[in-house]
Amino acid sequence: MRNNIKSLFLICLFISSEVLAQNEAIIQPQLMYTSRFQWGGNLNSTGLGGINFKYGWHKTGTVNNMLDFEFARIRNSKEIQTSSASDNPRQYVFGRLNMAFFLRAGYGQNIAITERPYKNAASLHFNYSLGATCAFLKPIFVDVQVKVNDPNQVPYMTVVPMQYDPATVSQSDILGESTFTEGISKTKLYPGGYGKASLAVEWGPYPDEFKSLEAGVVLDAFLRPLPLMANVSPEFYFFTLFIEFTFGSNN
């Protein structure tokens, strides 16, 4: 996790250098905008990330109401890549029961703390949103080597995909993880809710277009615990840090 935070910090430094270039005054007449759109991607402290879309409408000159939608990939901190013991070793995560995807939909506000009166100058904003989270848990299937006893021919070894279960699948028999589509029909849904808070820096050459770099925290809570790893207690809560880069427009 420490390496992830370092990477996020370096990204902030790189993008902020662009913000500090050219600060000519914005002299074009500024219209009274009624809505704003933002779309982009993010990284989170689990080492993965997702995509995000926000739609906002103006409440006051400095406050925008906001609908926030996000689809993110989340993993357990115990996940460690390992290699199979076969002649052609393949990477897989030993002990992983399910792959988790979070779909978040919420309502919140974007509150301007400072304004952006110059070209490529930066403005600071506080964002928050609350809403529903739906976790999609796709079971993990692994390719396992099994012996086939056929009375009409000599016994032979073959490879079959099996849903991972530490009680029935031996690690020595695992050749690697099956294709992503294997077992997708057995995906289960876990309802819950989330809360998110962040600070965002916005900049751009014109009032109606901007880029945004946002960093914050998200807490997801579920009605039922999510079983992600074998021999690890299922979790009700997931706390993640994130950094997000988006493109936006005022209309």
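Which residue lies over the face of Phe 180? That's Lys 138, at 5.4 Å from the ring centre. I call a charge "over a ring" if NZ of Lys or CZ of Arg is within 6 Å of the ring centre and within 35 degrees of the ring normal. Arg 224 does something of this kind too: its charged end sits over the ring of Tyr 190, 4.2 Å from the centre.

Quick caveats. This is a predicted model, so local features need pLDDT of at least 70 and side-chain atom pairs count only at pLDDT 80 or more, while totals for chains, interfaces and linings use all residues. Residues are numbered from 1 along each chain as its sequence is written, and side-chain values use heavy atoms, with hydrogens and water left out.

Now the aromatics. There are 14 aromatic pairs in the whole structure, counting rings of Phe, Tyr and Trp (its six-membered ring) with centres within 6.5 Å; planes under 30 degrees apart are stacked, over 60 edge-to-face, the rest tilted. Take Phe 222 and Phe 238: edge-to-face, 6.1 Å centre to centre, 80° between the planes. Phe 222 is in strand β12 (residues 209–226) and Phe 238 in strand β13 (residues 235–250), so this pair ties together parts 16 residues apart in sequence. Both are buried, meaning under 20% relative accessible area with a 1.4 Å probe, protein chains only.

Note on methods:
Helices (H or I, at least four residues) and strands (E, at least two) are DSSP runs, numbered from the N terminus. Buried means under 20% relative accessible area, exposed over 50%, partly exposed in between (1.4 Å probe, protein chains only).
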